[in-house]
Amino acid sequence: MYDFWRKHGGETNLFVAEEPEKSKTTSHTKTRCFHTMTGVIILCGVIFLGHYIGQGASARTRIDASWPEVIRQATNLSHKVSLLRPLHRPGLSQAAKSRKGASRPDKEESAKEGKSLAQTAMAEQPAPGEQSEIIRSLIFSPTALKIEQVHKVALQTRNHIASERKKRLSQTQCLAKAIYFEARSESELGQKAIAEVIMNRVGSPDYPNSVCGVVFQNADKHNACQFSFACDGKTDIPTTGKPWEKAMRIAREAINGQIRIARLRNVMNYHADYTSPRWASSMKPVIKIGQHIFYADS
């Protein structure tokens, strides 16, 4: 036994050999405690942060006291006008904050505050003229249906005006062609006389009621129409130049009622002096202008 003890270094060495096992157990215990404390601290931090974020979200989504006035549907005219005024009143809110902060304001401060509130409220109210203008705009503002009807009428009017202008231009060109081909070589009075006869026919129930209808009446019958240029088989397209411009000017004057020749008031027939139509013998000659003789019903 003694030999065994001496072989292993004595009793002291045996106790020293057991110390590492005890130190290892203590180290494991400390590590577990540290991890546990760390987890508790992290959990508390998460809980506190979640509570703080929830409070901020609740404050941001809180509905202001003035919003119900905007959300509520306007039922009368005064409520509609009130919606036109500013929603937030800095003067009033500032005064309200100062009133809330003071515990017991004295009478003088209360009077000043009330006067300030009254002045601020009066300043924010629209003037009487502005109030009447606002009410008038609310009452007389056209509805969408009314605007659509007005637009439709305006569009129809514009189309009608464009159609009338196109029709008037066509009538002017027809009359100018008759003046150009029938009396291009005549004086201005001779050309105006041709235009006067055509306009007299337009106003007569015995002839078409349009200038083009009178000028090109029976134009489909060869050499049997009212005006020879319309059925002689030749082109009726005028050559641009001063004679055509003059014919267009006289035609516009005749259509506008600016040409009045007293001797031709009821005259609806004429012919050139180098022809002898059969109908001439049954009518009364009125006047000769240039190469044309004008007739009236006998």
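**Basis.** The model is predicted: local features need pLDDT of at least 70, side-chain atom pairs count only at pLDDT 80 or more, and totals for chains, interfaces and linings use all residues. Residues are numbered from 1 along each chain as its sequence is written, and side-chain values use heavy atoms, with hydrogens and water left out.

**Overall fold.** The chain has eleven helices and three strands. Helices (H or I, at least four residues) and strands (E, at least two) are DSSP runs, numbered from the N terminus. Along the sequence the pattern is α-α-α-α-α-α-α-α-α-α-α-β-β-β. Of the 298 residues, 22% count as buried. Buried means under 20% relative accessible area, exposed means over 50%, and partly exposed lies in between (1.4 Å probe, protein chains only). The chain exposes about 22500 Å², and carbon and sulfur atoms supply 57% of that area. Accessible areas come from the Shrake-Rupley method with a 1.4 Å probe; for residues, only the protein chains shown count as cover. Among contacts between residues at least 6 apart in sequence, 54% join residues at least 24 apart. Contact means heavy atoms within 4.5 Å.

Helix α8 runs over residues 144–183. It has 40 residues and reaches 58 Å from its first C-alpha to its last, close to the 58 Å expected at 1.5 Å a residue. The expected span is 1.5 Å times one less than the number of residues. Buried residues of α8 include Gln171, Leu175, Ile179 and Tyr180. Their cover includes α9, α10, α11, β1 and β3.

Helix α9 has 15 residues; these should span 21 Å, and the end C-alpha atoms are 21 Å apart, which agrees. Eleven of the 15 residues of α9 are buried, so the helix is mostly covered. Among them are Gly190, Ala193, Ile194, Val197, Ile198 and Arg201. The buried residues of α9 pack against α8, α10, α11, β1, β2 and β3.

**Strands.** Strand β3 covers residues 292–297 and is mostly covered, with five of its six residues buried. Both pairings below involve β3. Two strands pair if DSSP finds at least two bridges between them.

| Strand | Partner | Sense | Bridges |
|---|---|---|---|
| β1 (residues 269–272) | β3 | antiparallel | four bridges |
| β2 (residues 283–289) | β3 | antiparallel | six bridges |

β2 and β3 form a hairpin with two residues between them. Gly290 in the turn has a positive phi of about 65°.

**Nonpolar core.** The largest nonpolar core has 34 residues, of which Leu175, Ile179, Ile198, Val211, Leu264 and Phe294 touch the most other members. α8, α9 (188–202), α10 (211–215), α11 (242–255) and β3 each supply at least two residues of this core. α8 gives the most, with seven residues. Such a core is a set of buried Ala, Val, Leu, Ile, Met, Phe, Trp, Tyr and Cys residues joined through side-chain atoms within 4.5 Å.

Leaving aside neighbours within four places in sequence, Phe294 is in contact with residues including Ala193, Ile194, Val197, Leu264, Val267, Asn269 and Ile289.

**Asn269.** Asn269 lies in strand β1. Its relative accessibility is 11%, so Asn269 counts as buried. The Asn269 side chain makes a polar contact with the side chain of Arg201 (3.2 Å). A polar contact is a pair of N or O atoms within 3.5 Å; within protein, one must be able to donate a hydrogen and the other to accept it, and residues adjacent in sequence count only if both atoms are side-chain atoms. Not counting residues up to four places away in sequence, Asn269 touches Val197, Arg201, Tyr207, Trp279, Met283, Ile293, Phe294 and Tyr295.

**Lys177.** Lys177 is found in helix α8. Lys177 is partly exposed because its relative accessible area is 21%. The C-alpha atoms of Lys177 and Trp244 are separated by 8.2 Å, although the two residues are 67 residues apart along the chain. With residues up to four places away in sequence not counted, Lys177 touches Phe216, Phe229, Asp236, Pro238 and Trp244.
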